[in-house]
Amino acid sequence: MKFFADTAEIADIKDLAETGLLDGVTTNPSLIAKSGRDFMEVTKEICGLTDGPVSAEVVALDHPTMMKEADKLRAIADNVCIKVPLTIDGLKTCNALTQDGTMVNVTLCFSANQALLAAKAGATFVSPFVGRHDDNGVNGMDLIRDIRQIYDNYDFETEILVASVRHVGHVLDSALIGADVMTAPPKVIMALAEHVLTDRGIEGFMKDWKATGQSIL
Ligand code: G3P
């Protein structure tokens, strides 16, 4: 399963890249706003930090203007992936862009029917939001299971990119279901390494090693 960092914070992306766990980056208008950076500049900088896809989202709501914005965004770097909302205009834009080889991430997906449309429109990725379903008392991972089954039924090439990931449980469930990608805040990805028994084991090893009076260096 590929790990994408869901952030526009350069320092966090660099830190994650050092672990070898960074397969790509996703941003959205809210994350860009939170960064306080110029959208074009920060996207270009992020594209230089990974060879993987960097999702940059259009903000227009109509197909013609989405296409104009996409032209500007994909000129930033070869690894820019254009993000469009799961609307009819977004699907028209997805269909047009993917026909000339541009990567497209169809986002704000909240139903399996929507994901079916994204695949038929040729999306590179579909981004079903699990956390926001959880926020409303619906098990977001059920949506991922449904999409996985539908995509496997018809051998769709669109990759399931689990988004709105809020904790390590979402990552585990995504991997168990067989999602292709998950995107999460770097702190969630880093938290995957944490376990109390690991900490306890390190403490025990260090205590016993100290008792030997030896040093390696
Ligand atoms: O990639 C989508 C993600 O940024 C949304 O996350 O926590 O705002 O639902 P959240």
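Two strands are taken to pair if DSSP finds at least two bridges between them. The close-up views below show a predicted model.

**View 1. The closed barrel of eight strands.** The strands follow the order β1-β2-β3-β4-β5-β6-β7-β8 and close into a barrel with parallel pairing. From one strand to the next, the twist averages 30°. Strands of a sheet pair through backbone hydrogen bonds, either parallel or antiparallel.

View 2. Strands β1 and β8 run parallel and are joined by four bridges. Within this pairing, F3 stands opposite M182 of β8. Strand β8 comprises residues 181-184; V181 and T183 point one way from the strand, M182 and A184 point the other way, and all are buried.

View 3. Two bridges hold β7 and β8 in the parallel sense, and L161 has V181 in β8 as its bridge partner. The chain passes from β7 through α9 to β8 in a right-handed β-α-β crossover. Helix α9 spans residues 168-177 and includes H170.

**View 4. The surroundings of H170.** This residue of helix α9 is buried, with a relative accessible area of 3%. Leaving aside residues up to four places away in sequence, H170 touches V130, G131, D134, M141, S164 and V165.

**View 5. Strands β6 and β7 with helix α8.** Strand β7 (residues 159-162) runs parallel to β6, and two bridges join them. V126 stands opposite I160 in β7. Helix α8 (residues 140-153) packs on the sheet, where the helix touches β5 (104-109), β6 and β7; the direction of α8 makes about 170° with that of β7.

View 6. Helix α3, formed by residues 39-47, lies across β2 (24-26), β3 (54-57) and β4 (80-85). The helix runs at about 170° to β3.

**View 7. The aromatic pair F4 and F125.** The structure holds four aromatic pairs, one of which is formed by F4 and F125. Their rings are edge-to-face, at 5.7 Å centre to centre and with 80° between the planes. F4 belongs to strand β1 (residues 2-6) and F125 to strand β6 (residues 125-128), so the pair ties together parts that are 121 residues apart in sequence. F4 has a relative accessible area of 1% and is therefore buried; F125, at 2%, is likewise buried.

**View 8. The aromatic pair Y151 and F156.** The ring centres of Y151 and F156 lie 5.6 Å apart and their planes meet at 70°, so this pair is edge-to-face; planes over 60 degrees apart count as such. Y151 is buried, with a relative accessible area of 0%, whereas F156 is partly exposed, with a relative accessible area of 23%.

Key. Residues are numbered from 1 along each chain as its sequence is written. This is a predicted model: local features need pLDDT of at least 70, side-chain atom pairs count only at pLDDT 80 or more; totals for chains, interfaces and linings use all residues. Side-chain values use heavy atoms; hydrogens and water are left out. Rings of Phe, Tyr and Trp (its six-membered ring) pair if their centres lie within 6.5 Å; planes under 30 degrees apart count as stacked, over 60 as edge-to-face and the rest as tilted. Buried means under 20% relative accessible area, exposed over 50%, partly exposed in between (1.4 Å probe, protein chains only). Axes are lines fitted to C-alpha atoms, for helices over the stretch in contact, and angles run from 0 to 180 degrees between N-to-C directions. Contact means heavy atoms within 4.5 Å. A crossover is right-handed if, with the strands pointing away from the viewer, the path from the first strand over the helix to the second runs clockwise.
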